Amino acid sequence: MELEILGLGVAAPLGQGCPCYAVRTDTTLLLLDFGPGAHERAWQRDMLGRIDAIVISHMHLDHMLDLLPLSGKVTEEAIGPSGRRPVVYVPRENGRTVLTSLSEALSADPSRFDAAFDLREYGGDDELSVGELRLTFAPIAHALTGYSPRVTDGRATLVYSADTAYREAFVEHCAGADLLLLEATYLDPGEHLEREGHMTGEQAAQVAQLAGAGRLVLTHTMPFKEENEENLRRARARFDGDVQLAARGSVFHVA
């Protein structure tokens, strides 16, 4: 199983794209989130028309907005009749509502996303199968309801935090994972951290350490090089395993 970083940035692409992560096996292509910049990056990587499923962690725009161009006629014509119509999973609580509102705000057909995708809903208690991959979920502690996916191919496991504040309960969801892809939005803790539902690199490292994870990749970072390097330094001081910063285009073998 491989993980490729298609995008990782906070709120706006700003050179590194917004969250989108490709999880691949020999026969399966799963995308976790599809924020601004994901559509272009997936096209550049020849993934359009090959995507089996997209799982949206939560409905903030930086995690799902590129579903809009992906659902357009230009994309449909570009991938041709042989292209796959991907399954798109959205949170049961608000996924369809947000997509319908987005269509209506643009004076588009409210059924646009249902027509373009095999649109399905999921919740925290669901288990999903996408080709060779199996997914389970835990709720995120964030300003909007959503879920962190745990993905396995039966041999290796990765957990993507999505956007979440630190919670001890989250450690159980991450327990024993071979790779943790955890957000490190801020460098220093503060009131905004809890209010907005995010973590620091140190907190991500604490999750990894308590969970007994194999590797940690810090993602959802600000576009500030020095701040991110300091976040990385602090995380490495807290976690005994390998820690790296996510970078657009990076590929990690999960084993």
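In what follows, Ala, Val, Leu, Ile, Met, Phe, Trp, Tyr, Cys and Pro count as nonpolar, Asp, Glu, Lys and Arg as charged, and the others, Gly among them, as polar. This is a predicted model, in which local features need pLDDT of at least 70 and side-chain atom pairs count only at pLDDT 80 or more, while totals for chains, interfaces and linings use all residues. Residues are numbered from 1 along each chain as its sequence is written, and side-chain values use heavy atoms, with hydrogens and water left out.

**Pockets**

- A pocket, on a 1 Å grid over the protein atoms alone, is an open set of points where a 1.4 Å probe fits, with protein on both sides within 12 Å along at least five of seven lines, and its lining residues have an atom within 4 Å of a point.
- The largest pocket is lined by 19 residues, and those nearest its centre are Leu70, Ser71, Gly72, Glu76 and Ala116.
- This lining of the largest pocket divides into 8 nonpolar, 6 polar and 5 charged residues.
- Among the residues that line the second largest pocket are Arg24, Asp26, Arg45 and Asp46, and by class its lining has 2 nonpolar, 3 polar and 7 charged residues.

**Helix packing**

- Helices are DSSP runs (H or I, at least four residues), numbered from the N terminus.
- Where heavy atoms within 4.5 Å count as contact, Gly201, Glu202, Ala205, Gln206 and Gln209 in α9 meet Asn231, Arg234, Ala235 and Arg238 in α10.
- By class, this contact of α9 with α10 has 2 nonpolar, 4 polar and 3 charged residues.

Notes
Helices (H or I, at least four residues) and strands (E, at least two) are DSSP runs, numbered from the N terminus.
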